[in-house]
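Me: Here is a structure I have not seen before. Please help me read it.

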Amino acid sequence: MITVDNVSKSFTLHNQAAATIPVMVGASLQVKAGECVALVGQSGSGKSTLMRMIYGNYLTAGGRIMVGDLDVAVAAPRDILALRRYTLGYVSQFLRVVPRVPTVEVVAEPLLATGTDRSAAIARAEVLLDNLNIPERLWSLSPTTFSGGEQQRVNIARGFAHNYPALLLDEPTASLDGVNREVVMSMIEEAKARGASIVGIFHDEAARDRVCDREIDVTGFTPRAAI
Amino acid sequence: MNPLLNVTGVSKSYGDRIGCKDVSFDLYPGEVMGIVGESGSGKSTLLSCLAGHLGPDTGAVNFDTRIAGMRDTITMSEPERRMLSRTDWAFVHQHARDGLRMNVSAGGNVGERLMAVGARHYGEIREQAIDWLSRVEINADRVDDRPSAFSGGMQQRLQIARNLVTGPRLVFMDEPTGGLDVSVQARLLDLLRGLVREMNLSAIIVTHDLAVVRLLADRLMVMKDGHVVETGLTDQVLDDPQHGYTQLLVSSVLQV
């Protein structure tokens, strides 16, 4: 489902003496349906960068990133938007929402975007919020004022609202307590069971060992000159 | 799917000064494109050329009309273009007073656009006007008040109601949230986002506010000195800007 093939990336800082910083060369990995692959490596080694490149959030300098049958590295914006709508989900570390929009709407939005009937989308959002132990009295409020852990759970609910065939998870369990981590673990296991391909970053080793089938050390993709 | 709007090689200069130079892009149904750049970068000139307010020196602006398919709106006759701007197009000005009749009631402002496309039944026009006022969160009891008695944010929402009442397919917006305080901006953005999805609108939004385009636009075009220096997916351009000017623009935003 996800194939990263010989991918490279560098950042050019035009306003800081046009410094070019190579951050990745020869990155390759493959994730089959129903498989969860963990990206590991120390902070700053490029785990999030690689994940953002798969999502099309960062441009790719060279190589191929196939998600389904679309090469994200060269795809047009509208093809990437369609991919994100139907195929590729992303749970980032931070929730970014429009002010004033109620939590339940925030979670239902990915489903509405796929054309799901409004009442079905809201019902699904409510089930997810309930599973993730967000109290019902908060559902009609905007999540902008929620605690860090609550925001993260809203973010996870949103990321799992639609059954994406491919999922990117950037530290989904980072600021969660034991009970909620367990909920998220079982959501990931369910997604695998229905055949989703997952790429994840988990600093929590116990979580990683439990849901991930393989680990890929991104330090191996760091350009030699930068070491 | 065919593009709704196909722009090729649009240039406009004011004497020796460049307004915008050789701009080309496609816009598809339901897509929202943001145009960003500092003052004087040519973004408003470009928008005026696209919306038929200004004749470009060269280039073509093809629009997928309901009746005749793709037509170049620059070479079409003035009455045809006027008809388009009353039906399939809408233009939201930065200053609501440029897009409203200030001496006509709020309901009249919305109704006028309906009458321009042939509505004649007073009761129905009034009913639709009230319906649209409520959709933009203006109380029905304000329908007979003049916009001059409205706050800035209400005027802007009224302008949006007036524009969308005829069910356009393409909306041009010039700094729609400029000059409004942040809480009013948030409300307006939320409203616009809802309407864009509900009505499957395509929109071109000119702004210098990067937060606005992050929330509203699918794609981004960055302009500098009349030239397009970078295009791409909105979050990609903002998070991984390639051009020096875009990097400067993104890094200049104050963090709250």
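This is a predicted model: local features need pLDDT of at least 70, side-chain atom pairs count only at pLDDT 80 or more; totals for chains, interfaces and linings use all residues.

Reply: Residues are numbered from 1 along each chain as its sequence is written, chains are lettered from A in the order in which they are written, and side-chain values use heavy atoms, without hydrogens and water.

Me: Why does the radius of gyration of chain B agree with a compact globule?

Reply: The radius is taken over C-alpha atoms, and the globule rule is 2.2 Å times the number of residues to the power 0.38. With 256 residues the rule gives a value near 18 Å, so chain B agrees, having 18 Å.

Me: How much area do chain B and chain A bury between them?

Reply: Buried area is the accessible area (1.4 Å probe) that two parts lose on being put together, summed over both. Of this area, 52% lies on carbon and sulfur atoms. The total is about 2100 Å².

Me: Which residues of chain B lose the most area to chain A?

Reply: Three residues together make up 25% of what the chain B side buries. They are Arg197(B), Leu233(B) and Asp240(B).

Me: How many salt bridges cross the interface of chain B and chain A?

Reply: A salt bridge is a side-chain nitrogen of Lys or Arg within 4 Å of a carboxyl oxygen of Asp or Glu. One of them joins Glu137(B) and Arg100(A) (3.4 Å, N to O). The rule finds seven.
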